[in-house]
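Colleague: Please take a close look at one part of this chain. I would like the charged pair and the sheet around it, in one connected answer.

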Amino acid sequence: MALLALLVGCAGQTLSFSPDTLDFGEVDFAGELPEEGYAVETVTLTNDGSAADTLSLQAYDQDHLCLAGFTTQDFPVDLGSVSSGGSYTFRVGVCAYVSGEVDTEVSTTIEVEGDNGAVSLPVTFTPVRSSE
């Protein structure tokens, strides 16, 4: 039984986001929405496994986030294969907030699955409106 626990513990996660969380802080929604959203950040998903991995975007919060190159679609979305040590890059922006969320921290996630497991990227931001 101890050997099984050791093997499971060594298997580890084969996909990792960098950064491993995305905190946009306060996002000001004054002015026209930029094409990629407000406060755009680049996020890299790396295949830390020893073999290629076929990735799919399982979900992202389309009520709040924009992912450059993605439009409203049915999930999952095929991202293709990423070699061992390879990576996939996302451009993530904040695009909207829901009524009642101004000045309140919003928490959501981006979910990606590979052949050998899944990974989730926590995303937070606080929508604010400054006077223009």
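Modeller: A salt bridge here is a side-chain nitrogen of Lys or Arg within 4 Å of a carboxyl oxygen of Asp or Glu. The model is predicted. By that rule, the count comes to one salt bridge. Its partners are arginine 91 and glutamate 36, whose side chains meet at 2.9 Å, N to O. Arginine 91 lies in strand β7, and glutamate 36 lies in the loop between β2 (22–28) and β3, so the pair ties together parts that are 55 residues apart in sequence. Side chains of opposite charge can pair when their charged atoms come close.

Four strands form an open sheet, in the order β1-β3-β7-β5, and the pairing is antiparallel. β1 (15–18) and β5 are the edge strands; each pairs on one side only. From one strand to the next, the twist averages 30°.

Take β3 and β7 next. Strand β3 covers residues 38–47 and runs antiparallel to β7, with seven bridges joining the two. Within this pairing, valine 43 stands opposite phenylalanine 90 in β7.

On to β1. Four bridges join β1 to β3, again antiparallel. Serine 18 has threonine 44 in β3 as its bridge partner. The side chains of β1 alternate: Leu15 and Phe17 point to one face and are buried.

A search of the whole structure finds one. Cysteine 66 is joined to cysteine 95, with an S to S distance of 1.2 Å. Cysteine 66 lies in strand β5 (residues 65–67), while cysteine 95 lies in the loop between β7 (87–94) and β8 (106–114), so this link ties together parts that are 29 residues apart in sequence. The link is left-handed, with -125° about the S-S bond. Is cysteine 95 buried or exposed? Cysteine 95 counts as buried, at 14% relative accessibility.

Other strands pair too. Strand β4 (residues 53–60) is joined to strand β6 (residues 77–82) by five bridges, and the two run antiparallel. Serine 56 has aspartate 78 in β6 as its bridge partner. β4 also pairs with β8 in the antiparallel sense, over four bridges. There, leucine 57 stands opposite valine 112 in β8.

Last, the setting of these parts. The secondary structure of the chain comes to one helix and nine strands. Along the sequence, the pattern is α-β-β-β-β-β-β-β-β-β. Of the 132 residues in the chain, 36% are buried. Take contacts between residues at least 6 apart in sequence: 73% of them join residues at least 24 apart. The accessible surface of the chain comes to about 7,400 Å², and 49% of that belongs to carbon and sulfur atoms.

Conventions: Residues are numbered from 1 along each chain as its sequence is written. This is a predicted model: local features need pLDDT of at least 70, side-chain atom pairs count only at pLDDT 80 or more; totals for chains, interfaces and linings use all residues. Side-chain values use heavy atoms; hydrogens and water are left out. A disulfide is a pair of cysteine sulfur atoms within 2.5 Å. Buried means under 20% relative accessible area, exposed over 50%, partly exposed in between (1.4 Å probe, protein chains only). Two strands pair if DSSP finds at least two bridges between them. Axes are lines fitted to C-alpha atoms, for helices over the stretch in contact, and angles run from 0 to 180 degrees between N-to-C directions. Contact means heavy atoms within 4.5 Å. Accessible areas come from the Shrake-Rupley method with a 1.4 Å probe; for residues, only the protein chains shown count as cover.
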